[in-house]
Amino acid sequence: MTTVAERPDVARADGPRRARSRSDRLGIYLLLLPSLLPIVVLSVFPLVRGIYLGFTDARAGRNVEISFTGLANYRELLGDELFWNSFKIGLLWAVGVTVLQFVLALGLALLLNQRLRFRGVARVLAVVPWAMPPVVVGILWKLVYHPDAGLLNEFFHRVGADGLRTNWLGDFSTALPAVILVGVWAGMPQTTVVLLAGLQGVPRELHEAAAVDGASTWHRFRNVTLPAIAPVVVAITSLDFIWNFNSFGLVYVLTAGGPGGKTMLPMLFAYEEAFRYGNYGYAAALGNVMVVIIVALLAVYLRRRLREAN
Amino acid sequence: MFGKPSRTGRTLQYVALTGYLIFLGFPLVWLLSTAFKPPRELVQLHPTLIPSNPTVQNFVQAFTEQQLGRAALNSLQVSLASAVLTVLVALPASYALARFRTKLGTVALGWVLLSQLFPFVLLIIPIFLILRQVGLANTHAGLVLIYVVWALPFALWMLQGFVRNIPRELEEAASVDGASRLQVLRRVVFPLLAPGIVATALFSFISAWNEFFFALVLVKTPELATLPVALARFVGIEGTARLGPLAAGSLLATLPSLIFFAVMQRRLSSGSLAGAVKG
């Protein structure tokens, strides 16, 4: 074997791309195999099979015959009031959390990008919720919202607003907003860090030039900062939306979908269908619908952003 | 933004910052305070922010009565195994991805992004069926397997970045000096890759340690439950006096990732790891 064949990367670095020998390719595949094999077996294959299950009547239990039922699951979903209810809640949750997360994170990132005192403390605090397991975030806020021993109710008592004391997670009207606030708290740090990185990449000269031209702070933000960080904003809001729509652990711990299904996110609904009632096919169909909806919403969002950019 | 703001502007900025600090910080203070409160203070009509007679009894109780100790050990086992396996499996592939341009690499990274779109519920049912078929359902081994696969894409992306940072010339120089390919890897690449390996191992440890959904569905035996699942079950037990041990257990469950983030803090806040979340 020649040295060149052993180190094709060196040869390629300065010369034109040349065909790799067969033994090289084999070597590369051998290096990749230990990673690719598990990904194919336990990620790609399950996903394809999961999508397929959505078109079957699969149920829990050993040796259950699975038969292809076409769109029957989706017809059933269309008429399922519980599903529509959960879907509406999921949309409210995902859009609400994503928008609030973004607005609050942008504000915090702008503050952290300035030379303020306590900036160090704020930076550390801004990252801590990110470091917490979702289950612990859920428990933490359960303690804050606790009707008797909670921080929030005690605060309202101390400021003399006893009328505002309520069972935040147990009340029909406050449960969803309370849960959304937790979602914002949990996801804000990551968004803040990403936006801060984006802000630090905005060239200072642009601001100075605009300031010399007499642009106000708001105008500079609107016409210099915002366009410069637009790609970061689009990327992080899209990801946040996907993550929020698919989130599970946080709300599972906080309310488990209650009270009366007021916080029954689609993921919780699908979980119950699959693992409480054993309707695998129906749950998978729900998953498929969610993917289609997420893709459609993202497509609309990204297209609008792209058009604005041009 | 960068001009000198007026005095009112500055004041407003500090007011806003204080608002953020309260929103972000107070829930954390409350968790700490609850964890150190004796039962009597937990059930009192109007709880205080700072415990008047702090105690570590809740920590002891969390481990003895609620068996969070066993759950923590389970979590430790599963997370350590996941971390070691992820690194071992990702190491060769990340080297190949960094040093040779293959279509396969692009496809693999594309898959990482695409897979973010799909809700867990689509994956979990087939995974559950596969694991049951090979007798790994309801075992730690099955859970580890899933965690490795779950951490792999990001681990690959992270590690190949570290490999790319090792100058190719070093490897070339070593092989000119007569080192074999294997020797080059062992003597030159691996030592330089150590920080990357540690970072990748930490990342997969933390994602396994924090994971909830797969652990909830795949492991049914209570004795095998991981810490997040055990804590979530603990939430179901009512009674205000129980909140103390619950808070104590939650604090302990946060420690590993808190340490991880403390180590990475400088890089996180400077934004050099910000690309990480886009992966």
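Is A72(B) buried or exposed? Select A72(B): this residue is buried, with a relative accessible area of 16% (buried means under 20%, exposed over 50%, partly exposed in between, using a 1.4 Å probe and protein chains only). The model is predicted, so local features need pLDDT of at least 70 and side-chain atom pairs count only at pLDDT 80 or more, while totals for chains, interfaces and linings use all residues. Residues are numbered from 1 along each chain as its sequence is written, chains are lettered from A and ligands numbered from 1 in the order written, and side-chain values use heavy atoms, without hydrogens and water.

Stay at A72(B), which sits in helix α4 of chain B, residues 68–99 (helices are DSSP runs of H or I, at least four residues, numbered from the N terminus). Now show F63(B), W209(B) and L227(B): A72(B) touches them, leaving aside residues up to four places away in sequence (contact means heavy atoms within 4.5 Å).

Next, colour chain B by pLDDT, the predictor's confidence in each residue, from 0 to 100. The average for chain B is 82, and 89% of the residues score at least 70. Select residues 268–279 of chain B, where pLDDT stays under 50.

Move to chain A and select domain 1 (18–53), then domain 2 (80–309); such bounds come from an automatic or database domain assignment. The centres of these two domains of chain A, taken over C-alpha atoms, are 35 Å apart.

Definitions and conventions:
Helices (H or I, at least four residues) and strands (E, at least two) are DSSP runs, numbered from the N terminus.
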